[in-house]
Amino acid sequence: MSPFEILLPLAVIFITTKLLGLGSQKIGLPAVIGMLIAGLLLGFLKYIPCEPLRNMFFSDPIKEELSVFSKVGVVLIMFSTGLGTDLKQLRSSGAASVVITAFGVVVPMALGTLVAWFFHQGGGLLGYLFYGAILTATSVSVTVAALKELGKLNTKIGTSIVAAAVIDDVIGIVILSVLTGFISDAGGEESLVSFLPSWWENAAWWLVCIKIVAFFIIAIGAGILLRKLFNRIERKYPHNRRVPILALAACFIYSYVAEKIFGVADITGAYVAGIMLGGTLQETPYVENKADMLGYMFFSPIFFATIGMNLDFSGFSSSFVLFGACYVVVALVGKLGGCAAAARLCHYSGKDSLRVGIGMMVRAEVVLICTQKGIDGGLVDPAVYPFVFIIIIATSILAPLLLKLTYKKEDSGLGNTPVEQQV
């Protein structure tokens, strides 16, 4: 394949994802949904009889190059997510947010694992757990937009939802790291460089846990030194492009080391790099802006589009459709019910507990990334993607609508009471 042949598919992907992404935002949905639909529409090209047109997108060399861009897009998304994680808010979130997060992770994961076990999806305990882990992710961007519109973001409910979502992201990444670590140990791609002794790769399950813990210890230790280095660079070269360039280099190094040396997911490395370089650094908003610009202008649209393009309906059967329907139901009920129950235990009112559950049930790009990791590890059936799409679309539509309904008859003055003035 000539190098220029990738240019036309890229142009078509950028145009379709941008147009449909803008269309989604116009009707109050995340741009991610439009990008996924764009990929789904492009995916139908594989069924047309014109072979040259099919090969424009689906020849093996084109798919391989798009896959590389897609993987970089995933890393950038998680790096940006880490940069946006507010550690100060995490520390001050209070016991209620921790309890809400715990229920919001355990309940949907348990339900997803049970459904996978009942329908024998995943082929074993690790696979069942991976199906459950996919459902732990929360994305509150839609919820935040809805609460802003209602004037409720700076209330007790709004603060609890945002803080719980931050903790949820951290726990979800840790769970994903543990499961992907076991995938590597169970016979996936080689996870360590060749200079390490062979007994390491053949070690017992407990060594996998040691590798994961070692990664986080070393990553945090190196991150503290990185923060000091970046603080010096920022003071010497304020608002200079070399800062985000070096930050991206650190992100890629973290991702490589996580996957190659410790058998931890590359996205975990990117997320931890983002956390270590985010929060209190003066230039964090500038770095985050540049990372988002790079990701969402080039790499991320390719990631979302290729997911839609690679949808495979050949694995469908009546039993799998029934599994998928149950999977969607537990994804909705698990988050809503688990978080609402946790809020009620923390003495929130019944209506406020319902609002917390509604706000926490939204899923977006992280659930796609987790699903892709499971597929890459051979534990998740690619045919589950359409049902993951349904989860994303359903929660993105239902959450703002239900939140508006719960506030519809409430006095606006009471609803806007700041957090510090509420009991």
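1. A residue counts as buried when its relative accessible area is under 20%. In this predicted model, Thr-113 has a relative accessible area of 14%, and it is therefore buried.

2. When its neighbours within four places in sequence are left aside, Thr-113 is in contact with Tyr-128, Leu-129 and Gly-132.

3. Turning to the protein as a whole, its secondary structure comes to 19 helices and 0 strands. Of its 423 residues, 51% count as buried, while the accessible surface comes to about 19,300 Å², with 68% of that area belonging to carbon and sulfur atoms.

4. The contacts of the protein can also be sorted by separation along the sequence: among those between residues at least 6 apart, 79% join residues at least 24 apart.

5. Two packed helices are described by the angle between their axes and the distance between the axes. For helix 4 (residues 60–83) and helix 14 (residues 284–309), the angle is about 140° and the axes lie 7 Å apart. Angles over 145 degrees would count as roughly antiparallel, and helix 4 and helix 14 are therefore oblique to each other.

6. The crossing of helix 4 and helix 14 is left-handed. Sorted by class, the residues in the contact of helix 4 with helix 14 are 18 nonpolar, 7 polar and 2 charged.

Notes:
Residues numbered from 1 in each chain as written. Predicted model: local features only at pLDDT ≥ 70, side-chain atom pairs only at ≥ 80, totals over all residues. Heavy atoms only, no water. Axes fitted to C-alpha atoms, helices over the stretch in contact; angles between N-to-C directions. Helix = DSSP H or I, 4+ residues; strand = E, 2+ residues; numbered from the N terminus. Parallel < 35°, antiparallel > 145°, perpendicular 65-115°, else oblique. Left-handed = near helix turned anticlockwise from the far one by under 90°. Nonpolar A, V, L, I, M, F, W, Y, C, P; charged D, E, K, R; others polar. Buried < 20%, exposed > 50% of the residue type's maximum accessible area, 1.4 Å probe, protein only. Contact = heavy atoms within 4.5 Å. Areas by Shrake-Rupley, 256 points an atom, 1.4 Å probe, with all protein chains shown as cover.
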